[in-house]
Amino acid sequence: MTEPNESGLSSPDPENEHHLHPRPHLCSACSQIDFKALFTSHKRRNDLNRWVDVTPNTCNCFQIFETRDRSGWPDPEVADKPQCSFCAFYKDCVRQSRDIALRMESYPDDFPTGLLLKGFHSLSWFWMEHEACEAEDHPNRRHWCQHYVQDVFAMQFVGKYHAEPGLGDDPNRVHNGMGHAILRVVDGHPNSSALTRPREAGGGLLARRILPDQVNYHLIGEWLRLCLLGHVQCHGDGDSDVMTIPGFRVIDCTTRNIVSAVEAFGNHAKHDKLDYVTLSYVWGQAGFSVPVLREDGLSLPDELPLVISDAMEVVKRVGYRYLWVDRYCIPQDDIRTKQIQIKNMDKIYSYSILTIIAAAGEGPEYGLPGVSSRHRPEQLCVQVADGISLALYESPKVLVTTSKWHTRGWTYQEGLLSKRRLIFTDLLVYFQCYEMHGDEVLSIPIPDATGPLNGESRHEGFDGIRYISFQHKESDFGSVFPHRVTHWSDPGTIWKRISEFARKPLAFESDTLNAIAGIFGKYSSHMKEDEVFFLGGLPIIPVQVFEYGIIPLCKCRPEETVHEGKQNLWACSFRQLPPIPLGQHLCRSFTNGSDSAFSDISNNLTYKLVYSLFWIGYWDHVDDEELRPAFIPTDLKQVRRSGFPSWTWAGWKTCIIKHREELMGANALDIDTEAYVEYEDGGGIVQKLSWERQNKEILDLLRQGDNIPACLILKASVFDMKLKLTSKPWKPLGTWTFTWPPFLEGERIYSLPRVLLEDIEHELGSNGSSTSDKSNEGTNLLGLLLGIQGDMGPASEHWMWIMILKPVKRAMSGRQELMYERVSSPTRVCPSEDT
């Protein structure tokens, strides 16, 4: 074996490879497997080109594999280690696959108790481009897919009832990708640790060897080189300078000094901007030493958390000098500068050249596996024939999504805002930018658009497959982050980001909006000022009218357009509804009252606010006994977040936040709706501002910092209502039935935590008995009518969208005042038309 190369890996000598491993000992059942036939690169028909008349498939891999499968596999519960090399490898793989699967939030119910080893071709269902089809006049160019591939066999552990393994994004496949797969190892080639591999290595997805104590820096360098020189999408959006961020500073990894961006740029003047690396990690619970003021300036303390010292080593090894770490580069004792930095997280992470993500361990002392003292576990490998070794490959997506890092609120925006991420897990290192992804183990045909690599031309560096195209969804397997992340100029994607973030816990509830401020800032910087802004976390975005009601203006879906001349959303006076039947009233308003209808409401400030209030909090998962861990809210503090109002998603926890456009079927809004916000300054003086007439002043207050209104005042249509609990008293989520008003009597609201209504009398105190009916008729509440859904005809069925409000007492201007809080999501109910 040769000495370790610059990547830290030793390359086997092909001529002496049989001396590296003892000849495998196989049992009688495993001896039936022709491993050389399975795992030697061979030609097969491309699954995605079945409509093309090509040579019939002569591959008999599945027959070979099924011969062994019929003999059965060893029981992993039996402690004795089999004498057979492959059977022992099989049992080790089962144990590791189980351990990882059990950390997932959801996995097939049969996975922990029943595993099957299934076989498949490694490139099944990939969309691949072939060098022969590259010419413009080639007859098959329109397919963008080759007729046949050079491939190898692979195996994957799946649950008993998930018998179709594979690499695509099929929900029936375990963990949507390559988890728990057995691949052939790229042995015997000098550049097996590199990004590309020579033609003689063969086709298909193969596995690289890794060392427990050394990450593959050579491969990391090739990832960065390929991205920096060849990826258009990874440039432009975030290549501005950080000089505009007040107080921005970085760590000089060569001196350990903490320097200003101006000073660092002066040392880096050969480029037109400052190249620096960012670090994303879990803070943990332990304290940390503060920076030290020395003679030559501010410096890091002598003792550092291992993750930070490891990150500094990685920065130097990949050719950079400066590192940004929040706990040392943000002055923790300067509240004003700290708040400025938090508001600029979108710039800090998106402007960086690379983000190092520590997705291993529970805190900063764990470090980055494979960099210094923290080693990775030995790679599970086995030699099954001369020149044929196999390794267990775990999907980076599985490893990252089961990590502590992935669960935290602050780290969500750090990963999303970065254009290049280098993720360290316990088993491997993973890289993803806007255009590609890869990891240390998986060897995949990737195009080198930058020219010759390793002394070979572009085409000579690949086998019969030119490359796997990441432009097709079928090939986007196992990626941790969405490619190109999101359309930052598309307000229709904001609620998806909020929904993902809201499920992640925070150590301090007061950080809720700070931890997503970077994402909000990213959207704001890509759109006009009046196109999007945020009120207490609520995105105030344009509303677009469509055939079935209102949904947000979504620039990425041009195929959906408003029919010319067809009005789909109206505004009328809801106060005139009773006692006229709903359908007749709406029909009369829309046909006779031209003053009641708005021709264009997409940028009406009031309706943008009303639309934003249509967010939904789902509680169904609380009542699902199959979900782990079981959770039963028994106290209001378990569902409500202190310091935030009830009208914004930021004021809630435990529930799943959604703003699903298909549920927003309202096509009539209240023309009489008026909105105001109240701000209370430090002296207790209340300032009431009109949402429409004084919106500019409100925006100025929002820009000044963490200014959530003390109250949101809506002048709208409301009615008294009563709800009565009609479900079993022991269930955590209640079913509530309307007992008042008569036109809603018998209508039900499902899956609402009982604690939200049971605390009303406690909230109001002893004088609140007027809101708690003792006659067993239900709890007195208020219904806010947000919208109406239905066809505009007198005989049509119509639905009301209402928000349920409960009375509370809150301190305002030094005294207790009666107010109302949101209890439920906007709820659709069907009123009786004969009332």
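# Salt bridges, cores and helix packing in a predicted model

The structure holds 14 salt bridges. A salt bridge is a side-chain nitrogen of Lys or Arg within 4 Å of a carboxyl oxygen of Asp or Glu. This is a predicted model, in which local features need pLDDT of at least 70 and side-chain atom pairs count only at pLDDT 80 or more, while totals for chains, interfaces and linings use all residues. Residues are numbered from 1 along each chain as its sequence is written, and side-chain values use heavy atoms, with hydrogens and water left out.

## Salt bridges

| Arg 44 | Asp 151 | 2.8 Å |

The salt bridge of Arg 44 and Asp 151 links distant parts of the chain: Arg 44 is in strand β1 (residues 42–45) and Asp 151 in strand β4 (residues 148–151), 107 residues apart. Helices (H or I, at least four residues) and strands (E, at least two) are DSSP runs, numbered from the N terminus. Both Arg 44 and Asp 151 are buried. Buried means under 20% relative accessible area, exposed means over 50%, and partly exposed lies in between (1.4 Å probe, protein chains only).

In the second pair, Arg 294 is partly exposed, with a relative accessible area of 34%, and Asp 302 counts as exposed at 64%.

Lys 696 is exposed at 62% relative accessibility, and Asp 700 is partly exposed at 31%.

Salt bridges can also join into a network, as they do for Lys 496, Arg 497 and Glu 500.

## Nonpolar cores

In soluble globular proteins, nonpolar side chains tend to be buried together. A nonpolar core is here a set of buried Ala, Val, Leu, Ile, Met, Phe, Trp, Tyr and Cys residues joined through side-chain atoms within 4.5 Å. The largest such core has 139 residues, and those with the most contacts inside it are Tyr 276, Trp 324, Trp 649 and Trp 691. Helix α5 (residues 217–230) gives the most to this core, with seven residues. Another core of 31 residues lies apart from it, and Phe 35, Leu 38, Trp 73 and Val 382 are among its members.

## Helix α15 and its neighbours

Helix α15 (residues 517–526) is largely enclosed by the rest of the structure, because seven of its ten residues are buried. The buried residues are Ala 517, Gly 518, Ile 519, Phe 520, Gly 521, Lys 522 and Tyr 523. They pack against α9 (335–343), α10 (345–351), α13 (409–417), α14 (494–502) and β22 (533–535).

Two packed helices are described by the angle between their axes and the distance between the axes. Axes are lines fitted to C-alpha atoms, for helices over the stretch in contact, and angles run from 0 to 180 degrees between N-to-C directions. The axes of α13 and α15 come within 8 Å and cross at roughly 35°. Their contact (heavy atoms within 4.5 Å) is made by Tyr 412, Gln 413, Leu 416 and Leu 417 of α13 and Ala 517, Gly 518, Ile 519 and Lys 522 of α15. By class, this contact has five nonpolar, two polar and one charged residues. Ala, Val, Leu, Ile, Met, Phe, Trp, Tyr, Cys and Pro count as nonpolar, Asp, Glu, Lys and Arg as charged, and the others, Gly among them, as polar.

Helix α13 also packs with α14, at an angle of about 140° and with the axes 9 Å apart. The two helices are therefore oblique to each other. Angles under 35 degrees count as roughly parallel, over 145 as roughly antiparallel, 65 to 115 as roughly perpendicular and the rest as oblique. Gly 409, Tyr 412 and Leu 416 of α13 meet Arg 497, Glu 500 and Phe 501 of α14 in this contact.

## Backbone details

Most residues other than glycine have a negative phi, and most peptide bonds are trans. Arg 256 has a positive phi, near 70°, and lies in the loop between β8 (249–252) and β9 (258–260). Thr 654 has a positive phi of about 80° and lies in the loop between β27 (616–618) and β28 (656–658). The peptide bond from Trp 740 to Pro 741 is cis, with omega near 5°.
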